[in-house]
2 protein chains.
Amino acid sequence: MRAADIIRKKRDGSELSREEIAYLIRDYCRNKIPDYQISAFLMAVFFRGLTEAETVALTQEMEFSGAVFDLSSIAGRKVDKHSTGGVGDKTSLIVAPAVAAAGVVVPMICGRGLGHTGGTLDKLESIPGFNVQLSGDNFREMLSTVGAALIGQTEDIVPADRKLYALRDVTSTVESLPLIVASIMSKKLAEGVDGLVLDVKTGSGAFMKTRQDAERLARAMVGIGKACGKKMAALITDMNQPLGKLVGNALEVRECIDVLKGGGPADLVSLCEELSAHCLVLGEAAPGIEEARELYRRSIASGSALEKFRAIIRFQGGNESVVDDDSILPKALYQTPLLSSGAGFVLSMDTEAIGLALCALGAGRENVDSSIDPAAGMYLHKKLGDFVEAGEPLCTLYYNEEKRFREAAPKIEAAYVLAFEPPPKRSELILEIL
Amino acid sequence: MRAADIIRKKRDGSELSREEIAYLIRDYCRNKIPDYQISAFLMAVFFRGLTEAETVALTQEMEFSGAVFDLSSIAGRKVDKHSTGGVGDKTSLIVAPAVAAAGVVVPMICGRGLGHTGGTLDKLESIPGFNVQLSGDNFREMLSTVGAALIGQTEDIVPADRKLYALRDVTSTVESLPLIVASIMSKKLAEGVDGLVLDVKTGSGAFMKTRQDAERLARAMVGIGKACGKKMAALITDMNQPLGKLVGNALEVRECIDVLKGGGPADLVSLCEELSAHCLVLGEAAPGIEEARELYRRSIASGSALEKFRAIIRFQGGNESVVDDDSILPKALYQTPLLSSGAGFVLSMDTEAIGLALCALGAGRENVDSSIDPAAGMYLHKKLGDFVEAGEPLCTLYYNEEKRFREAAPKIEAAYVLAFEPPPKRSELILEIL
């Protein structure tokens with residue numbers, strides 16, 4: 001087999017065999033095929049796409065390019081939830097303990113924030129002492145004893161994805177549906193889960209700006225997961241505004257603890273209930289979605305979800321007293337409300353612009369080497385459809401550096417669009433369930 | 001400027017600026033942009049194409065990536081002829097001396113054979129002592145004194161093309177019209193010519209199998225050449241059978257000497273006359289094409305073209321007595337006719353297959369490192385439309401190794417297709433003049 005012939009075959013629109021894809025990925029990981037051939041292949045894939053069979057082959061070759069967790073010795077079903085990313089999207093910190101409290105194991109390998117989107121690892125690390133780097137053995141022990149773990153990707157998992165992603169990043173071949181699907185799914189499959197619930201975001205703060213693109217991605221991931229023998233569910237959910245009322249790492253931990261205590265904003269509560277319920281159905285803890293929702297609500301009402309969160313923090317070395325007293329979280333020196341210059345209804349929010357402005361404020365990463373200010377963030381006084389008087393606060397910004405505030409504030413103000421009339425109808429939070 | 005952004009822009013179908021193309025090519029040649037970004041760019045170009053303005057920019061950036069001949073100090077117009085390659089395509093050895101004899105300078109930088117096509121340098125090197133590697137100074141001196149030179153590409157000319165071509169070869173990005181155009185034209189422009197006549201071959205022995213593809217290539221090259229200030233002409237010519245009756249390096253030199261002496265096969269004579277006449281028109285040696293044809297015929301009839309060929313051989317260190325006595329050329333040990341198994345009219349010839357079989361016989365290069373047997377080749381007793389009796393020779397093969405004959409002979413026999421009826425109409429040799 002010659003790499004140039006495989007590139008030509010894909011370039012000319014033919015379907016590659018499992019053997020051809022295996023040859024490319026294996027020899028690329030062994031540095032026997034050079035970057036310049038793989039980047040030409042990736043660009044050909046950008047234009048020609050991959051069939052489902054090709055995507056399954058690519059996903060599995062990537063999955064088995066490194067270590068794969070074997071969780072078969074751990075009792076119970078293992079289910080994970082994966083979100084495509086958004087602003088204020090903090091559901092993992094609630095879903096993982098709630099689902100584990102209801103008896104389904106949650107082996108969650110999480111990511112960091114990049115660009116306008118936040119990352120679960122960054123949020124967890126705002127809890128003093130919280131360690132996201134567990135060894136494989138510790139990860140398995142934690143799943144056996146606690147029932148859930150939220151850790152970062154280990155070096156030995158899916159090395160093909162790291163190598164391919166770095167190359168895609170510098171060759172403008174990131175935005176390819178099958179490559180996105182294979183990247184996400186190979187990592188999730190390597191976790192050793194039985195089932196996976198996908199939260200595919202769409203709207204101004206999502207990677208998939210249109211509902212159609214989000215559906216295509218969701219259907220592709222569900223198809224690949226099922227073809228690989230996993231139970232799959234996917235929710236298409238709205239990301240035309242930040243989720244919940246607080247955005248920023250420590251602020252989001254506070255809001256999660258509120259939800260685990262039975263409070264919190266309605267949109268966040270509702271999405272956590274739906275995602276958790278689907279995890280519980282896939283994990284066979286409930287016969288149907290209604291029973292699963294009830295199971296979730298009981299885990300909140302009984303305090304068992306909160307206690308599970310405490311146990312997770314304890315096992316991962318964090319200061320578990322945060323559950324009782326969130327004042328131990330990093331706090332910003334400054335809190336400044338942004339006042340509305342006019343009166344009107346909030347018609348739309350450029351949520352990606354808000355996410356990027358929050359990066360400038362310190363709450364996120366502008367590039368992979370940026371450091372994060374865990375205390376920085378915002379509180380949303382007004383969300384879509386709300387009426388605001390002139391001079392009334394739209395939101396409050398939390399920050400430690402005035403220079404950063406001066407950069408971020410005008411961008412966040414500009415991201416709100418007000419209208420004289422109330423918007424015709426708020427889009428539903430949960431748009432579709434596949 | 002970032003290479004990834006330029007790749008993305010081309011990937012998404014936008015037109016690149018001159019500055020963006022200059023940045024890519026210059027920094028690639030300086031090894032500041034890695035192969036893996038350029039190969040992704042080349043694949044994006046394969047799918048998106050290049051506009052004429054982009055192709056001009058690419059061609060000129062490649063042209064000026066190295067040394068460019070300045071021939072302004074040499075009196076007279078300088079015109080070259082370039083063929084896209086075929087089997088038995090030996091016109092350069094006739095056109096260059098004939099045009100120079102009629103007063104137009106011919107600075108011809110020639111190539112080697114590869115795959116099924118022959119190369120002018122290989123043909124010339126079958127003349128004992130002939131040296132195709134001249135220094136730039138010798139090249140200029142030869143143009144001043146002899147009026148024509150046929151040399152190989154020097155190391156310092158168009159280094160960008162060598163680097164890009166090597167990358168295209170291993171990333172399956174060769175077959176892109178604008179990349180082919182830029183590769184050919186950058187080299188021709190670097191020769192410092194005022195005008196260029198293109199012989200774009202089409203048919204079973206050409207790179208462009210269809211007339212439509214040949215026309216597209218010809219039009220694109222003419223457009224780019226004119227945009228770069230050169231006088232251009234292009235002929236679309238038939239390559240559904242070898243040109244002339246002899247194929248093989250030393251055999252083709254023999255046939256060229258026949259033509260320069262006023263003999264030779266009609267198709268070769270006719271094409272040389274037409275190509276030379278266009279060179280003479282572009283070189284302003286004749287007011288119109290009819291006068292230019294007459295000028296060519298006179299240069300043959302008077303013997304001045306033959307004497308010019310002698311002077312070329314002499315200046316380039318070859319044994320000029322070949323002009324008077326072609327028995328000094330390498331001769332094959334064996335000559336074996338291939339006899340037709342049936343009777344019929346020659347309906348078609350797979351000319352590429354013949355070219356590849358001749359490689360196997362030793363006459364050409366199967367890959368860039370192969371050595372060549374200058375004596376190997378074939379004589380065509382029968383060409384398209386000819387009638388052959390069973391047992392009559394189709395062609396005679398010339399070779400030095402019986403093993404090679406056993407490999408090549410059945411392939412050449414299989415390349416002839418006979419029919420009971422004469423083919424409806426032979427296609428014209430010169431299909432179109434742009």
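In chain B, β6(B) pairs with strand β9 (residues 377-380) in the antiparallel sense, over 2 bridges. Within this pairing, Leu246(B) faces Tyr379(B) of β9(B). The model is predicted.

**The chain B sheet.** The pair belongs to an open sheet of 4 strands, ordered β6-β9-β11-β7 (chain B), with antiparallel pairing. Its edges are β6 (246-247) and β7 (334-339) of chain B, each pairing on one side only. Helix α15 (residues 351-361) of chain B packs on this sheet. The helix touches β6, β9 and β11 (393-399) of chain B, and its direction makes about 135° with that of β9(B).

**The chain A sheet.** Chain A also has an open sheet of 4 strands, in the order β1-β4-β5-β13, but here the pairing is mixed. The edge strands are β1 (79-83) and β13 (430-433) of chain A. From one strand to the next, the twist averages 20°. Strands β4 (residues 195-202) and β5 (residues 231-238) of chain A run parallel, joined by 8 bridges. One bridge sets Leu196(A) against Met232(A) in β5(A).

| Helix | Strands it lies across | Angle |
|---|---|---|
| α9 (residues 177-190) of chain A | β1, β4 and β5 of chain A | about 155° to β1(A) |
| α10 (residues 211-227) of chain A | β4, β5 and β13 of chain A | about 170° to β5(A) |

**Where the chains meet.** How many residues of chain B are in contact with chain A? The count is 23 residues of chain B, against 23 residues of chain A. Together the chains bury about 1900 Å², with 63% of it on carbon and sulfur atoms. Arg11(B), Tyr36(B) and Phe47(B) supply 33% of the area that chain B buries against chain A, more than any other three residues.

Which helices of chain B each supply at least two residues to the side that touches chain A? They are α1 (3-11), α3 (35-48) and α8 (159-171) of chain B. The largest share, 10 residues, comes from α3(B). By type, the residues on this side of chain B divide into 10 nonpolar, 5 polar and 8 charged.

How values were computed. Residues numbered from 1 in each chain as written. Chains lettered and ligands numbered in written order. Predicted model: local features only at pLDDT ≥ 70, side-chain atom pairs only at ≥ 80, totals over all residues. Heavy atoms only, no water. Pairing = 2+ DSSP bridges. Contact = heavy atoms within 4.5 Å. Axes fitted to C-alpha atoms, helices over the stretch in contact; angles between N-to-C directions. Buried area = accessible area lost by both parts, 1.4 Å probe. Nonpolar A, V, L, I, M, F, W, Y, C, P; charged D, E, K, R; others polar.
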